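Subject: Structure for you to look at

Hello,

Here is the structure I promised to pass on. Please open it next to this email and follow along.

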Protein chains: 2
Amino acid sequence: MYFDVASTAPLHPVARQALTAALDEGWADPARLYRSGRQARMLLDAARGTVAEVLGVRADEVAFTASGTQALQLGMLGALAGNRRRGAHLVHSAVEHSAVLHTAEQWERTPAGSGTGEVTVVPVDRLGRAAPADFAAALRPGTALAVLQSANHEVGTVQPVGEVAAVCGDVPLLVDAAQSAGRAAVPAGWSLLTASAHKWGGPAGVGVLVVRKGVRYSSPLPADEREAGRVPGYVNVPAIVAAAASLRAVRAEAERENARLHGLVDRIRTQVPLLVPEVEVVGDPVGRLPHLVTFSCLYVDGEVLLAGLDRAGFAVSSGSSCTSSTLTPSHVLAAMGVLTEGNVRVSLPFDATEAEVERFLAVLPGIVAEVRAPLGLDLPAPAGAAPVTVRGGEPGTGDTGGPDAGEPAGGGAAGGGAAAGGAPDGEAAGVAAAGGGALVLDALGKRCPLPVIELARRIGEVPAGGTIAVLADDEAARLDIPAWCGMRGQEYLGEAPAAGYGGDRGVAYLVRRTA
Amino acid sequence: MYFDVASTAPLHPVARQALTAALDEGWADPARLYRSGRQARMLLDAARGTVAEVLGVRADEVAFTASGTQALQLGMLGALAGNRRRGAHLVHSAVEHSAVLHTAEQWERTPAGSGTGEVTVVPVDRLGRAAPADFAAALRPGTALAVLQSANHEVGTVQPVGEVAAVCGDVPLLVDAAQSAGRAAVPAGWSLLTASAHKWGGPAGVGVLVVRKGVRYSSPLPADEREAGRVPGYVNVPAIVAAAASLRAVRAEAERENARLHGLVDRIRTQVPLLVPEVEVVGDPVGRLPHLVTFSCLYVDGEVLLAGLDRAGFAVSSGSSCTSSTLTPSHVLAAMGVLTEGNVRVSLPFDATEAEVERFLAVLPGIVAEVRAPLGLDLPAPAGAAPVTVRGGEPGTGDTGGPDAGEPAGGGAAGGGAAAGGAPDGEAAGVAAAGGGALVLDALGKRCPLPVIELARRIGEVPAGGTIAVLADDEAARLDIPAWCGMRGQEYLGEAPAAGYGGDRGVAYLVRRTA
C-alpha cells in the first residue's frame, strides 16, 4: 500500500501510454525543421496547450522545467531579477517547500542595490495557515516578490491564496501549486505559478513554470533560446507529453476522487486518536487537501515508526519531505508549533480503497505500541471508544475530551483543549527538587525525543502547580517541549540557562504541571 | 533516413527496455526509506556505478543533471565559484557549444573581486581545432577554469584534450564530452566532464556532470541535498537508469560501429565534392568523430537545402545546432573562417547503412542544383569524375584540383589549395569601374548569401589582378566574403568604408581576382 503520493505519485496509466507513444512520435529535437522535428514540436505545442487549459492560462505563459524545484528556483530568482526596480525584498510563508526556503537563503546573500537581498518570513498559525493580514504586514515599498504555496505539502492545509493575492496588490505573487495542481484550481490573482508533474501522476523530469503576461521576468541563468528563454537545455518532449496527458486525466477524475479521498482521510483523522494513545492530528481539518493527513505520535521516532509501517506493507512519509535523510526536524511542524517528532504523513493515491485505509488503521496501533514499549511509559490503553488526547493550545480554555477531540476545532489560529487522560502518573521513583524548587531532569547529551520522553515519564512526580526544568542540548527540544506542553495541556514557562539548574551546558526548559 | 544524431539520437532499444522496467521498479522517491524508495535508490546507485565505469571515474564523482546544457552551466559556474581564490578568469575555445558561450557571457557580467568575471576565447584553425599552445597562451595567474569540448558538434573535429590538460597544469579543465561520450574515451587530465544522454541514445532529461575528487566546486544554485548538493530537484531515476543502460550498450558496440561509420563518412567526404559543384567539406578529415561530416554548398541557403533534403526523406542539420531557429550564422564555422551558409551537417546513427548513404549521395546533387537554379550562376556541371572545388586557404600554395582535392590535406592548420574550375566567367554585362579602379558591386540591403552570389557571378568581369569592391550591410558578409575567397582561391584584401566606393552606408569588402 503506497500512501505517499505527496512525495511522488505512481505513474498514471494515461501518462505511461502517452510516454510510450511520444517516445515513438516525439523523440526528435523540436527545434529542427525536418519532419520528425516538426512532429515533436507539434506534440510539444499540444502539451503546452493542454497544461495551459487545465491551469486556466495562455499557452505562451507556460514553460516546462526539469522539476518543481527548478521551477521554484527559476520562478523566484527570475521574478526577483525582473522586478529589481521595485527593490530586493522577498516575502514567503514559514511553511513553504524547502526549495523556497533555500532560494530565499541564497537571495539573502545575493548583492542587490547597495546591500543584499532581504527576506521576510510570514508566520503560520497552529494549523499551518498563513494569515492574509500577516502577509499584508510583511509587504513594504521595496517588496519585489511574495511566495505562497497553494496547500502545504506536509500537513495539507490549504492557504488563502486568493486573499493573499488581493493584499499583494501589484506585488507579484508566486504560487507553489505542487500539491494541488490537477486536484484543484488555484484562486486567481497570482503572477507566477509552479508545479511538478510527478506529483500528479506524470513522469519525473517535468516541472511547470507559469509567468502571466505583463509580469516582469528576467532569467537568472545563462541565455538559451529554449522555452521562451526561461528554461535552458534540451526540451524533454516525451515526458512533457506524458505530463500533459496525465494532468488532463487527473483533472477529469479529480472531483469524484477528491470527495472519496476526503472521506477516507476523515476516517483516518477521526480514528487515529481513538486507536492510538497520545497522538496529535495536525493541519487544518476543514481547509485541507482531500488526500493528505499528518499526525504525530508522542515519544516515538518517526523514522522507526516508518520502518515498522514499511514492514507491515505501508509506504508513508515523515517530517519534512525533502530533508528526511538528514533527520532535521520539519520546518513546517516547527513553524506550526506542533510536535516535530513521531510524525507520520499519509497521502492517498487516487486508487486508494477503504479496505486499505482500514488495514492501515488496524496495524498502526500495534506498531506504535511496539515502538513505545521499551520506553516504559504508563500510557492509557488504546481505546477505540474514548479519546485519548486532544489538540493542545492555551491551557484552560476548557474543551473536554469528547469523541471529536482528536479533531481540531477548525478554522481559527488558537486551538483550544485541555489535557485529558493518560498523563503518566508518577509511580516512578527518584524525585529530586533543585534550583528554584523545580524538579530538574538532566537530559543533556540525549537526542530528541528522549528529553520529551523523560518529561512525560516524570511530570507526575511533581504536584499540580509544580515546576519541572528539563535540561537539554539537542536543539529539537526547543521545539518539542513547548509543543508537547501545548498538546498535553501543560504550561510551558520558557527557557533559561541550564547553569541556573546545575547544568554545565545547554538550556533549561521550564514546565508547570497544570493537570 | 535520420542523419542528425548530433542533435539527438533515436532512443536505443536497450534504453527503451530499461526505461520501461525502471518505470515499474524505480518510480518511487529514492530519498525515501520504505521498500519502493530503497529499490529506486538501488537502481540509481547501480546506474551511477555504470556511468562511472564507462567514463572511468568514481561513482561519487558522477552527478546527474536534467540536460547537457544544465551540466555545462553548473559545471562551469560551480568550478568558477569553487576556484574563486585563483581568480575570475575563464578560458574556452571559440567553437564550444552555445551553452558554454552563453555561460561565459553571463560570467563576464558577474561581480567577482573588485570587477567582474573575465573571459578569454581561444581561436581555432581552419579545421576547427584549438591548439594547445593557444590555450597555454591564454592562461594566466588568475585563470580559474578552462573549457574545451572533446570533439566539435558541428564539424566533428576532435580537440587535443590530453595536450590541453597538460598545458593547463593545476588549472581545472572542464571537458564537454557531449559528442563523444559512449563513442570514445576522453584522454585523462581533465577535472570536470559533462555529457548528455540523448546524444548517445539515452532518453531526454539526463545530463552528466563529473567532478573529480579534489576539484574545488561550489554550487551556484540554492542549496539542495540531492545529487551530493550539485543538482537541485527531484531525481529522475527511470530516465537515469535508461541512460546508464544505453551508455553501456553503446560503448560495447562503439568500436565496431565507429569503424563502419568512419568508412561511410569517408565516402560522403570524398563523393560530395565530386558530385556537387562549389562545395567545401569542413572540419578535420583525420582527427574527427567517426559519424559526422559537414559541408557547405556555395550560394545556397542552408535552411532551403534542408527543406529539400527533408522532402527527399533525409533529416540533416545546418549551421549552429542550437541557433538554427534564429538563423544566426554558426559561431563555429565563423571561428574556423569557412563559409557559414549553405551548410549541411550529416551525423549518422549507429544503424545507418551504406545503401542509405548512397541514396543520400544520389539525391543531394539534384537538390542543390534545384536550389541554385534560380540564381543564374554559370556553375560547372556536376562531374562525378573531376573535382569541382578545393578547400581554400592562402592563395597560390599550389594544390592542383586532383581527385582528392575535395578532401582537405589533413592535420595542419593551414589548408592549401588554389581555385580550380568553375569560376563563373563573365558573360554578364554591366561592368562599371569605380573608386580606386575597382569594380563596385552594390549589395547594400541584400541579405547573405546574396552578396557572395553577386561576387561569384561578376568576378569574371574584371581581369586577373583586378579588384572588386562588394558593398554590403549584412553582417554575415564579413564572414562569407573572406571565406568564399579562401575557398575559391581569390585574394581577400580587407574592408573599407563603403562611402569610399559610393555607398551611403555599410562596408566595402575588397577582393582581387587571382584566377
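Through which surface do the copies meet? They meet through the same surface, because 100% of the interface residues of chain A are also interface residues in chain B. Contact here means heavy atoms within 4.5 Å.

First, the ground rules. This is a predicted model, where local features need pLDDT of at least 70, side-chain atom pairs count only at pLDDT 80 or more, and totals for chains, interfaces and linings use all residues. Residues are numbered from 1 along each chain as its sequence is written, chains are lettered from A and ligands numbered from 1 in the order in which they are written, and side-chain values use heavy atoms, with hydrogens and water left out.

The two chains

A rotation of 180°, with 0.0 Å of shift along its axis, superposes chain A on chain B. The RMSD is 0.1 Å. That is the relation of a two-fold axis.

Chain A has an open sheet of seven strands, in the order S1-S9-S8-S7-S6-S2-S5. Its pairing is mixed. Strands S1 (62–65) and S5 (118–122) of chain A stand at the edges with a single partner strand each, so one side of each has no neighbour in the sheet. Neighbouring strands are turned by 20° against each other on average, direction ignored.

Some terms. Strands (E, at least two residues) and helices (H or I, at least four) are DSSP runs, numbered from the N terminus. Two strands pair if DSSP finds at least two bridges between them. Strands of a sheet pair through backbone hydrogen bonds, either parallel or antiparallel.

Now look at S7 (residues 173–176) and S8 (residues 192–196) of chain A. They run parallel, joined by three bridges. Val175(A) has Leu193(A) in S8(A) as its bridge partner.

Helix H3 (residues 68–82) of chain A lies across S1, S2, S6, S7, S8 and S9 of chain A. H3 runs at about 165° to S8(A). Axes are lines fitted to C-alpha atoms, for helices over the stretch in contact, and angles run from 0 to 180 degrees between N-to-C directions.

Strand S8 in chain B

Is S8 (residues 192–196) of chain B mostly covered or mostly open? S8(B) is mostly covered: five of its five residues are buried. Buried means under 20% relative accessible area, exposed over 50%, and partly exposed in between (1.4 Å probe, protein chains only). Leu192(B), Thr194(B) and Ser196(B) point one way, while Leu193(B) and Ala195(B) point the other.

S8(B) has parallel S7(B) joined to it by three bridges. There, Leu174(B) is the bridge partner of Leu192(B). With S9 (residues 207–211) of chain B, S8(B) pairs in the antiparallel sense over five bridges. Ala195(B) stands opposite Val208(B).

Pro187(B) is in the loop between S7 and S8 of chain B. Pro187(B) counts as partly exposed, because its relative accessibility is 42%. Leaving aside neighbours within four places in sequence, Pro187(B) is in contact with Val161(B) and Gly162(B).

Best wishes

Technical notes:
Copies are superposed by least squares on the C-alpha atoms of residues with pLDDT of at least 70 in both.
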